[in-house]
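The notes follow the order in which I looked things up.

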Amino acid sequence: MAYTLLNAVNLSLKRARIIQGDIGELTSLTDDAHQADVDIMVQSWNEIIADLYDAGQNLPQETKEGTITLVADTREYDPPSDFDSMESDVMVDQTNGQYLYAYPGGFTGMFQDQSQPSNYTGLPIYWCINPTNGKLRFDRIPDSSDAGKIYTYLYRKRLYMSVAADTFSFGDTIVNDLVAAVVQVWNRESKETFDPIAYQQSISRAASRIRQQPVPGKY
């Protein structure tokens, strides 16, 4: 069974010697005796996951496919619930072979260019992200003849974890590799100590495994 956030927090609490053995394991992320340490560990895991993906760039399972199905008279669409940012500049209608491109100048450019937005109708050509509501916006309002067309795009998913039952997007071995780095972040926040070598070795080992490459020093 894949590790959950609760499993990972217990692993790092043991490594930091805050709890001992199976009998000391927490059953939730709420614990009066250790709440401050639990909260810091949750924050540390999220920081480490972000560091791992920022260092590795385009690691497996960081990118997902999203789709938008055109609806008549609907110009803006909600992104997926785990959407963080766009990974591709184009959206593709894989049935009809049509592309939608990132609007030059983004939302600001579209806002400036379209003094009367409701006049722009028909099959879209460009897309942008509306920063006022976080929705994906097209340069034209689809009509009934465009409805039902599906556009696929790549996006970077949000990796933040907060619920005890949240599972990791990578294997248990990689979670184990990251425990040492998480404890170093906890040390920095709780004890004002930090071992940069142990931290970097932990991150590097995990990044190598997630890319399915040899672990540094293991050839």
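I began with the handedness of α1 against α4: α1 passes α4 in a right-handed crossing. The model I am reading is a predicted one. I then took the geometry of this pair and noted that the axes of α1 and α4 come within 9 Å and cross at roughly 50°.

Next I listed the residues involved. From α1, Ala8, Leu11, Ser12 and Arg15 take part, and they meet Val175, Asn176, Val179, Ala180, Val182 and Val183 of α4. Sorted by class, this contact holds seven nonpolar, two polar and one charged residues.

I turned to α4 and α5. Their packing angle is about 160°, and their axes lie 8 Å apart. Angles over 145 degrees count as roughly antiparallel, and α4 and α5 are therefore roughly antiparallel to each other. I recorded a left-handed crossing where α4 passes α5. On the α4 side the contact includes Thr173, Asp177, Leu178 and Gln184, and on the α5 side it includes Tyr199, Ile203, Arg205 and Arg209. By class I noted 11 nonpolar, three polar and three charged residues in the contact of α4 with α5.

Last, I looked up the cores. The largest nonpolar core has 37 residues, and Val9, Trp45, Phe170 and Leu178 have the most contacts inside it. The elements giving two or more residues to this core are α1 (5–15), α2 (35–56), α4 (172–190) and α5 (196–210).

Technical notes. Residues numbered from 1 in each chain as written. Predicted model: local features only at pLDDT ≥ 70, side-chain atom pairs only at ≥ 80, totals over all residues. Heavy atoms only, no water. Core = buried A, V, L, I, M, F, W, Y, C linked by side-chain atoms within 4.5 Å. Buried < 20%, exposed > 50% of the residue type's maximum accessible area, 1.4 Å probe, protein only. Helix = DSSP H or I, 4+ residues; strand = E, 2+ residues; numbered from the N terminus. Axes fitted to C-alpha atoms, helices over the stretch in contact; angles between N-to-C directions. Parallel < 35°, antiparallel > 145°, perpendicular 65-115°, else oblique. Left-handed = near helix turned anticlockwise from the far one by under 90°. Contact = heavy atoms within 4.5 Å. Nonpolar A, V, L, I, M, F, W, Y, C, P; charged D, E, K, R; others polar.
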